[in-house]
Protein chains: 2
Amino acid sequence: MRLHLFIASLLCSAAALGQEVSSPDGNVRLRFSLTAAGQPTYEMSYKGWAVVKPSHLGLELAKDSHASKGMRETSLMDGFTETAHRTTTFDETWKPVWGETATIRNHYNELAVDLAQPSSKRTMTIRFRVYDDGMGLRYEFPQQDSLVYFVIKDEHTQFAMTGDHTAWWLPGDYDTQEQETQESRLSEIRTRFHDAVNWSNSSVSVFSPTGVQTSLQMKSRDGLYINIHEAACVDYATMHLNLDDKNLVFDSWLTPDATGMKGYMQTPCQTPWRTVMVSDDARDMLSSNLILNLNEPCKIEDTSWIHPTKYCGVWWEMIVGKSSWNYTDEFPSIKLDQIDWSKAKPNGRHAANTAKVKQYIDFAARNGLQQVLVEGWNVGWEDWANHWKQDVFDFVTPYPDFDLKALNDYAHSKGVKLMMHHETSSSVQNYERHMERAYQLMNRYGYDAVKSGYVGDIIPRGDHHYSQSMNNHYLYCVKEAARHHIMVNAHEATRPTGLCRTWPNLVGNESARGTEYEAFGGSQPNHTVILPFTRLQGGPMDYTPGILETQLKTWSDNPNYVHTTLVGQLALYLVMYSPLQMAADLPENYAKYDDAFQFIRDVACDWDDSRYLEAEPARYITVARKAKGTDNWFVGGKCDEHGHQSTVKLDFLDNGRCYDCTIYADAKGADYEKNPKAYTITRRTVKHGDVLKLTEARGGGFAVSLMAK
Amino acid sequence: MRLHLFIASLLCSAAALGQEVSSPDGNVRLRFSLTAAGQPTYEMSYKGWAVVKPSHLGLELAKDSHASKGMRETSLMDGFTETAHRTTTFDETWKPVWGETATIRNHYNELAVDLAQPSSKRTMTIRFRVYDDGMGLRYEFPQQDSLVYFVIKDEHTQFAMTGDHTAWWLPGDYDTQEQETQESRLSEIRTRFHDAVNWSNSSVSVFSPTGVQTSLQMKSRDGLYINIHEAACVDYATMHLNLDDKNLVFDSWLTPDATGMKGYMQTPCQTPWRTVMVSDDARDMLSSNLILNLNEPCKIEDTSWIHPTKYCGVWWEMIVGKSSWNYTDEFPSIKLDQIDWSKAKPNGRHAANTAKVKQYIDFAARNGLQQVLVEGWNVGWEDWANHWKQDVFDFVTPYPDFDLKALNDYAHSKGVKLMMHHETSSSVQNYERHMERAYQLMNRYGYDAVKSGYVGDIIPRGDHHYSQSMNNHYLYCVKEAARHHIMVNAHEATRPTGLCRTWPNLVGNESARGTEYEAFGGSQPNHTVILPFTRLQGGPMDYTPGILETQLKTWSDNPNYVHTTLVGQLALYLVMYSPLQMAADLPENYAKYDDAFQFIRDVACDWDDSRYLEAEPARYITVARKAKGTDNWFVGGKCDEHGHQSTVKLDFLDNGRCYDCTIYADAKGADYEKNPKAYTITRRTVKHGDVLKLTEARGGGFAVSLMAK
């Protein structure tokens, strides 16, 4: 048995100097010490059981090209002495601008250890914050004469695991996290890596045969749920984990820039928080606010213009292949300043045309959707992807069949807004050159939200999606957008680390395998009961659910099908929390299932309260949420390919009050493969304490609305 | 004897198919042919003598990361057949917005050869333009289905030399051309490379032991002057030359980006022109307009706001080390958004303060200088260089002791303008993010010119000063500046290739070793009689002449001295043509030599005519210029460390007219080292046909003004 009592290890190392700090409830304990070589070390336990065995902390510095010749840069790895430490307690409740709950408690005990490295005359502080559901640690570098600028070759924050846990992981990659999640023991990661076809994503470039991404969800043989991620990744590269699979020790592995370096630092500064969440109840993984709490408070003074949004859009029909983003097929390639669009020959498949967008506006207005996304409205889609093309879009010029002013006027007359779309094709320099004018155009026409995209290799060439400079770029966009009162939903950007607390106009990200993959061959049925444990830890995902016509061949030439039941799609509006929820299917498909679509009309996307009722990674999730500013509740359950029997006790309802309950359930015999669209809708009146017994089909789920009478 | 008659080689290769084209005067002949392997080849002669022996043309393409797996990219090197060719004649006279002459004749014969590569189904055209003083060739890639996007691994344009010429060369470098010019035989380049101390510039990173920069000036044993450079380098990397010193064949060597690739192309497109200038008279090298002619006509419709400028500035005293750009020494480093400048402790050495700038404004107004450059006016200089610092300047925030509004108002009240300064520290992304606001600030306060700087390593990191993306950046700045009616003088940018014809608001560049090096240890006395043959071929240089107090120790702790005589400095206003001329010394130094300073007051910086009277690379240059819109002439002569005896026949003066002639000459015994400030000023009346005999001291020169009566 690998797991051992933490108390034992504490006793063993009692001889060494060290500091301890516990969570407010005492369940999580963290111990810091220095090795004989002066190497910072920490260990962590939960309810007496080791979670992280003694693990080293430190940073390997690069010899800067500017450093004096022959001078060797001293790494911040060892040779440290402790000069001081401080423990403090913090307890505050704050209100997110949008979220799963109306308020969030930020309650932790903190240990800050000041370290000196006499050989280099440098100091740094390691700060630990210990919560009831985990801990965060970061390195801080005070301003000092002997440490002003430095270049990080790599950060070496270790996470020594106590056993061969089951892990739900993505292969390490500097540019994408759109792979299928792998489930394996830690010791099996290396073997699994050999079978490249598993990745289902062609752009994977593996940096190590045991490299994985965060957030990494694990489960120990003893039933501990452990999650490693990071919080507040600002002016720093995104962290991966590289596993020493002999010793089961993870080491942080930062995303490099084009020169292979991983961070350019100027004191005073700090790293992001490295987080370990832990519980013996999987539901705590989902209800944790540890990542948000480790971020800075909101920096936007007036947030009145930020709002959760349900939207539809001209999108799925292009993804499925029935229509096109581009306007013409006439040219092998285009140069924006050399095309007379009015004379270009239309290909007849361009979806973002005035007539169609008007239909979407009508559809949105009829169904209470606030916005209509239109992709492919602007010139440049003829050769936008994968050509290393610098001047790919200008973000302000519509195709000749898209009447920018008339459509916005029409939408506004119906109480609807258009949602802007900025595909950058990862030509970042080009986007930054046009950004101000693009945002000004949005302000002029009344757009208040933009979906941006970063498909393909980054320009400046050699850079990666998750590098320090790209992370700075994404945040630069969010800040500039905030100046213009614009909400941002960035796709293919780096995985979020809770920055939406500080910048709540960052209302969404993709940063994982979204619904689009259902049109590209499908995702595993358990995909959406993994993502809340992993991808969603850092912030909401614009997953674009709601594909009720799960069989694409019924209306297109696409032979693929969605790997959920129809009802499973409804469940996603609850299981996959986001303040931005798309009704992604076509209006004509919703017309076919209008009674089921009623749930999408009804469901909220902002909440006063959320209760995770059942959860097991990759198996099932059941959650009840109370719609913001109302007494209405919505409950959703989603499961994997084995189906699930769910028992929902309605003890969250107000006592003595009646609720109109509508249950959208998989019908008997429903099955995501063989019979995906068999569903039942039943209505009854319920009250506090009633129990709903719900059967989720293979790849299915359920959705329940509870309207207070 | 290596040189052989071109006619012989023509006869030898007569069996092969090929095309010929001659210059309008018949002196330059160019022959194109394909080898048996279908490799494009050219050779070039001048007055029957070979200049370039048969040399291959072609491009090596990279296998793009996006290319299908296993597919090998076919290079555009061989396997070509000729499908067509066209010869045409062009003769046009155009008026530059500013320049050495009022009009420029563009007269050439052109040969365009269409080539097909059957194996790849691709086509390209090689276009030759043959002038009386040389030729340009470029590759053109028409839009075609089988060649849409491609990545250049390297361009292989050969220049096979006919002998072991003397060359004036700079070591190849992707980031600087501020080295001392080397003079050696071609065969001696490799040996000279070993002696790194010769470079006098620490940032040299050599890519090849026989790599040199362009423009490369050579002289054959038979007295032919040959110059290799390029024209119209747009959306392409700057070209270096790599010498096969066994066969004396140069091969083009492009500047790579961070990934090592050298060009990202989308058809239709073309390379810059590769130029070979040739004459048996060195003066023709200086009066040639071949580079300008190969550029596109002016693209700015209204050029009324573009004007040649004489200026002074707060600059030399910082270069010499007497005062500082930065305001405070209080902090190890600064973060722009975290400093309260009003509370920062001044270091007492900050030059760009309101009182001093007012003195410079007064000085400019008194002496007919139109503008005052102020460096160090804006926050960020505390730690601006060599730290890989991204957010180094914001370009809009003045130091607390620089009253932006009051100083501009004061200057305008005196008929003077301030000249803006934007040091980017090569943090290019940061500059682009702030550029629009920075230009807007200039418009608001009435600046119409900016000196920009690119000191240090480029951010995005891994990129180089002379790469395709950086060349695009420099041009982006010029175009954006033009939108704001702003003239640009970019220092440390890529070497110019005549783009100032197309964008005449690009009034200057540094791109070579400027006067500043006189304060860092000095430049060779012949430096300024080399630069007009090399650096100035592509466009004017902001050399910042006029250091009349050549001995810096007389007013500072700097032990260095200028490696010319005082009069040599005056000569530079003529020998080093530029529409932007600085009077770079301090007002108090000019006060000491006020009679000599009169020449700087008088001299023009825009010309109706220019006559190169004497020239020999690295030895001497004598030029007479007629001031724009007047009948006044100015004559300047500059020589190397051996002195020079100059005979100037005034046959360029109007017949029958008298001129007040003022001669600024080195006094007897003058010497740049031992007696630099010994000068005579003599006045007389002269007329057409008179002869001036002028003695130039070691490192000296002369300057003459001829004012029409």
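A salt bridge here is a side-chain nitrogen of Lys or Arg within 4 Å of a carboxyl oxygen of Asp or Glu. By this rule, the count over all chains comes to 86 salt bridges. The model is predicted: local features need pLDDT of at least 70, side-chain atom pairs count only at pLDDT 80 or more, and totals for chains, interfaces and linings use all residues. Residues are numbered from 1 along each chain as its sequence is written, chains are lettered from A and ligands numbered from 1 in the order in which they are written, and side-chain values use heavy atoms, with hydrogens and water left out.

**View 1. Where chain A meets chain B.** Welcome to the interface: 40 residues of chain A are in contact (heavy atoms within 4.5 Å) with 40 residues of chain B. The two chains bury about 3,500 Å² between them, 49% of it on carbon and sulfur atoms. Buried area is the accessible area (1.4 Å probe) that two parts lose on being put together, summed over both.

View 2. Four salt bridges cross between chain A and chain B. Look for Arg437(A), which pairs with Glu480(B), the closest N and O atoms being 3.4 Å apart. Four elements of chain A each supply at least two residues of the side that touches chain B: strand S10 (149-155), strand S19 (263-266), helix H8 (428-445) and helix H9 (468-483). The largest share of that side, five residues, comes from H9(A). Sorted by class, the side of chain A that touches chain B has 13 nonpolar, 14 polar and 13 charged residues. Helices (H or I, at least four residues) and strands (E, at least two) are DSSP runs, numbered from the N terminus. Ala, Val, Leu, Ile, Met, Phe, Trp, Tyr, Cys and Pro count as nonpolar, Asp, Glu, Lys and Arg as charged, and the others, Gly among them, as polar.

**View 3. A salt bridge between Arg190(A) and Asp245(A)**. The closest N and O atoms of this pair are 3.0 Å apart. Arg190(A) sits in helix H2 (residues 189-194) and Asp245(A) in the loop between strand S17 (239-244) and strand S18 (249-254) of chain A, so the pair links distant parts of the chain, 55 residues apart. Arg190(A) is partly exposed, with a relative accessible area of 35%. Here buried means under 20% relative accessible area, exposed over 50%, and partly exposed in between (1.4 Å probe, protein chains only).

**View 4. A buried pair in chain B, Arg274(B) and Glu155(B)**. Their side chains meet in a salt bridge, 2.7 Å from N to O. Because Arg274(B) lies in strand S21 (residues 273-279) and Glu155(B) in strand S10 (residues 149-155) of chain B, the pair ties together parts that are 119 residues apart in sequence.

**View 5. Arg698(B) and Glu673(B), a salt bridge between two loops**. The closest N and O atoms are 3.1 Å apart. Arg698(B) belongs to the loop between strand S35 (691-696) and strand S36 (701-708) of chain B, and Glu673(B) to the loop between strand S33 (658-666) and strand S34 (679-687), so the pair ties together parts 25 residues apart in sequence. Arg698(B) is partly exposed at 28% relative accessibility, and Glu673(B) is partly exposed too, at 36%.

**View 6. Surroundings of Leu418(B).** Find Leu418(B) in strand S24 (residues 417-423) of chain B. At 0% relative accessibility, Leu418(B) counts as buried. Not counting residues up to four places away in sequence, Leu418(B) touches several residues, among them Val357(B), Ile361(B), Phe402(B), Leu407(B) and Tyr447(B).

**View 7. Helix H10 of chain B.** This helix (residues 566-575) is mostly covered, with 10 of its 10 residues buried. Among the buried residues are Leu566(B), Gln569(B), Tyr573(B) and Val575(B).

**View 8. Thr166(B) in strand S12 (residues 166-169) of chain B**. Thr166(B) is buried, with a relative accessible area of 16%. Leaving aside neighbours within four places in sequence, the contacts of Thr166(B) include Glu183(B), Arg185(B) and Met218(B).
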